[in-house]
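Please read the notes below with the structure open beside them. They go point by point and may be checked against the display in any order.

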Amino acid sequence: MIDASKYREDAKGNLVPLENIKEIDLMRDELVLEIANKAESVASTLADFKGEAMADVAAFVDISAERFGVSIPGKKRGNFTLHSFDGRYRVQYAVQETLAFDEGLLAAKALIDEALHEMLQGVDNADVHTIVNAAFAMDKEGNISTTKVLGLKRLKIEHPKWQQAMAAVSESLRVQDSKPYIRVYRRDDEGEYQLINLDVAKV
């Protein structure tokens with residue numbers, strides 16, 4: 001039976017005898033494992049904090065709503081802010097929605113192309129085509145930027161097919177995901193609220 005204490009498993013899954021591993025490599029391994037274990041512990045603590053904070057806020061919203069004889073389902077809870085009595089702390093509950101387009105965007109793109117073809121006949125203007133093509137360009141994951149496509153709606157173009165295309169863009173937009181989160185702020189000596197940062201990279 002192999003004595004595991006005398007070996008280290010490498011990245012390929014091979015067991016390498018300790019005597020064949022350089023001391024500096026063993027020291028590096030020990031350092032990385034120590035930091036990684038601490039990071040996992042902190043991540044677990046943060047996850048527990050988030051879950052407890054969300055549950056506590058939800059319970060408070062329910063208690064507050066009971067005063068008016070109503071119930072507020074989780075999906076109906078929007079963005080709101082809670083303050084401590086002395087105003088020193090602020091807890092912000094927010095819902096971040098991820099938007100995506102369905103297949104209706106293909107029809108919108110076809111209408112845009114038709115509108116541009118009709119509007120720019122005999123006109124040498126590649127700028128609008130460049131703007132449209134950039135808006136519909138896909139990223140490395142094959143996704144189209146909702147921000148860039150919706151930005152086309154700000155263009156003041158009155159052509160009927162363009163307007164029809166913009167309507168198709170709006171109708172094809174869907175909420176793909178809805179994710180609630182909590183941010184906590186502390187008021188500084190100048191009276192400004194500063195975020196209590198829970199992102200280790202920004203602490």
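1. A residue is called buried when its relative accessible area is under 20%, exposed when that area is over 50%, and partly exposed in between. Asp 29, with a relative accessible area of 27%, is therefore partly exposed. The model under discussion is a predicted one.

2. Overall make-up. The protein chain contains five helices and six strands. Read from the N terminus, their order is β-β-α-β-β-α-α-α-α-β-β. The radius of gyration is 27 Å, well over the 17 Å that the globule rule gives for 203 residues, so the protein chain is more spread out than a compact globule.

3. The C-alpha trace spans about 80 × 60 × 40 Å along its principal axes. Of the 203 residues in the protein chain, 18% are buried. Among contacts with a separation of 6 or more, 54% are between residues 24 or more positions apart.

4. Salt bridges in general. Side chains of opposite charge can pair when their charged atoms come close. How many salt bridges does a search of the whole structure find? The count is seven.

5. Arg 8 and Asp 29. The side chains of these two residues form a salt bridge, with an N to O distance of 3.2 Å. Arg 8 belongs to strand S1 (residues 7-9) and Asp 29 to helix H1, so the pair, 21 residues apart, links distant parts of the chain. Arg 8 has 35% relative accessibility and so counts as partly exposed. Asp 29 falls in that class too, at 27%.

6. Asp 102 and Arg 174. Here the side chains meet in a salt bridge at 3.3 Å, N to O. Asp 102 sits in the loop between S4 and H2, while Arg 174 is in strand S5; the two are 72 residues apart, and the pair links distant parts of the chain. Asp 102 counts as partly exposed because its relative accessibility is 23%. Arg 174 is partly exposed as well, at 44%.

7. Glu 118 and Lys 161. In this salt bridge the closest N and O atoms are 2.9 Å apart. Salt bridges with shared partners join Glu 114, Glu 118 and Lys 161 into one network.

8. The largest pocket. Its volume is about 490 Å³. The lining consists of 18 residues, and Lys 50, Tyr 181, Ile 182, Arg 183 and Leu 198 are the ones nearest the centre. Helix H1 (23-66) and strand S5 (173-187) are the elements that give two or more residues to this lining. Which of the elements gives the most? H1 does, with six residues. By class, the lining has 11 nonpolar, two polar and five charged residues.

9. The second largest pocket. This one holds about 310 Å³ of space. It is lined by 17 residues, and those nearest its centre are Phe 101, Gly 142, Asn 143, Ile 144 and Ser 145. Strand S4 (89-101) and helix H2 (104-119) each supply at least two residues of the lining. S4 gives the most, with four residues. The lining divides into seven nonpolar, six polar and four charged residues.

10. Glu 141. Is this residue buried or exposed? It counts as exposed, because its relative accessibility is 61% and the cut-off for that class is over 50%. Glu 141 is found in the loop between helix H3 (127-135) and helix H4 (146-151). Its C-alpha atom is separated by 21 Å from that of Gly 151, which is 10 residues away along the chain.

How values were computed:
Residues numbered from 1 in each chain as written. Predicted model: local features only at pLDDT ≥ 70, side-chain atom pairs only at ≥ 80, totals over all residues. Heavy atoms only, no water. 1 Å grid on protein atoms, 1.4 Å probe; cavity = no way out; pocket = protein on both sides within 12 Å on 5 of 7 lines; lining within 4 Å. Points joined across faces, edges and corners; volume = space filled by probe spheres on them. Nonpolar A, V, L, I, M, F, W, Y, C, P; charged D, E, K, R; others polar. Salt bridge = Lys/Arg side-chain N within 4 Å of Asp/Glu carboxyl O. Buried < 20%, exposed > 50% of the residue type's maximum accessible area, 1.4 Å probe, protein only. Rg over C-alpha atoms; globule rule 2.2 N^0.38 Å. Contact = heavy atoms within 4.5 Å.
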